[in-house]
Amino acid sequence: GVNAITGVASASPTPPQFTQDYVVAGLQPWLDGVMTGSGIVKQFVAMSHGNGYTVEEQITSKTEQGGLQFDVIPVHDMARSALRKGGGVLNQQSTPSELSLATGDEVQLTIPPAFDALVSSLARLSNAPLSKYLDKAICSVTLIASYVTPMQVRNRILPSSCDDGVPGVPSALGVAPGGRITQRIYEDTRSTRVYDEERGQRFHVHIVNPTEWELITGVVAPIKPISASSYKHPNLPWFVLADSHKTTLSAAGSSLSQLKSVAELDAEKEAECADEIDPDHPPSCSKHSRTASVCVFRPCSHTACSACLGAVMMLRMKCLACEKKVDRIVGMKDAVVVPSQVEDVDGLEWDVSQMEELATLAADSKNVSIIHLEEDRVSPLHNSGPPRPMGVGL
């Protein structure tokens, strides 16, 4: 819910003016974190809501969205045509007033010819009706330019949406700032007018905690982050991007520069790491200390070797260490399939493979509906280019 470049909340009624708040695909290789300084970002780190770690909490003091949201906006298709007046080519992204056009002026729209492709296409259509030639013909269309007086359009305030689509229910995990690394955010040299904002789409990335990971995958969540020692152990070189020739955005006045990292907040709160199971180095079995475990029982969290796992299944899912009921068996590396008897089943049952088959058939038949929520409409773009024209166009 907070822009990673400017630090402005998506629900803010006053978006930044003349400040670039996006990155350009193809120009910007990637984005590792939130921009806290010129040429500096703090890496994205997943953290639980409620403790003041996330960017959303530090900027807005709220936990409404969580996760990550991406607005993807394509450029207008300008490669196939050119606008001309009196022999000169006109900038397609300029307004009529900026081009000094008056009502009644004639503007020529020309689609450049591609003779080789045209000749071969017409040869194949020799027995086709005349209507088939229209798409292949070289055309020159005369348009009449007219426009209304520019008018101020009120700022549109978009309602905020929750990460899971349910109003008032915050996501369990958000994004917090981590360590400082060098990364330049490149300036877009074009105007925002080149982007087709009406065709923009928003998608959400949901972040799951270890418990949700276990429920989805059936295995223990990995806990090892990539560290400096991870690179040094196999003698991997540090990567340096040679981009000093690129123009970099400035972070002057951004609220992101005041963000505290996870390490800084940990030190303030004197936080301690919770005991976690490393699936790459599983602990020993709770009953057999000399045998490595293959799974962990939930909710008691006792670990078990293969022999103990089989015994628990035979004992109708009772833990051997504490004799409490086992609700879930989570594998260290591979999910554990637990056979169960189905009694008094009323109606039709579906297994996972059948549901996947139905979804595949629906996708292949193209009988799929996509619903775009009003709150997920993409936000307008801003950069340091010329002011956005209101109420004018060709």
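The questions and answers below go from the whole chain to single residues.

Tutor: This is a predicted model, in which local features need pLDDT of at least 70, side-chain atom pairs count only at pLDDT 80 or more, and totals for chains, interfaces and linings use all residues. Residues are numbered from 1 along each chain as its sequence is written, and side-chain values use heavy atoms, with hydrogens and water left out.

Student: How many helices and strands does the chain have?

Tutor: Helices (H or I, at least four residues) and strands (E, at least two) are DSSP runs, numbered from the N terminus. By that count the chain has seven helices and twelve strands.

Student: What percentage of the residues in the chain is buried?

Tutor: Buried means under 20% relative accessible area, exposed over 50%, and partly exposed in between, with a 1.4 Å probe and protein chains only. The chain has 394 residues, and the buried share is 28%.

Student: Leaving aside neighbours within four places in sequence, with which residues is Leu309 in contact?

Tutor: Contact means heavy atoms within 4.5 Å. With those neighbours left out, the partners of Leu309 are Val294, Cys295, Phe297, Ala304, Ile329 and Val336.

Student: Is Gln183 buried or exposed?

Tutor: Gln183 lies in the loop between strand 8 (173-182) and strand 9 (201-205). Beyond its neighbours within four places in sequence, Gln183 is in contact with residues including Trp30, Asp32 and Val41. Its relative accessibility is 7%, so Gln183 counts as buried.

Student: How far apart in space are Ile185 and Leu31, C-alpha to C-alpha?

Tutor: Ile185 is also found in the loop between strand 8 and strand 9, and its relative accessible area is 0%, so Ile185 is buried. Leu31 is one of the residues in contact with Ile185. The two are 154 residues apart in sequence, and their C-alpha distance is 8.0 Å.

Student: Is Ile216 buried or exposed?

Tutor: Ile216 is found in helix 3 (residues 210-217). Its relative accessibility is 63%, so Ile216 counts as exposed.
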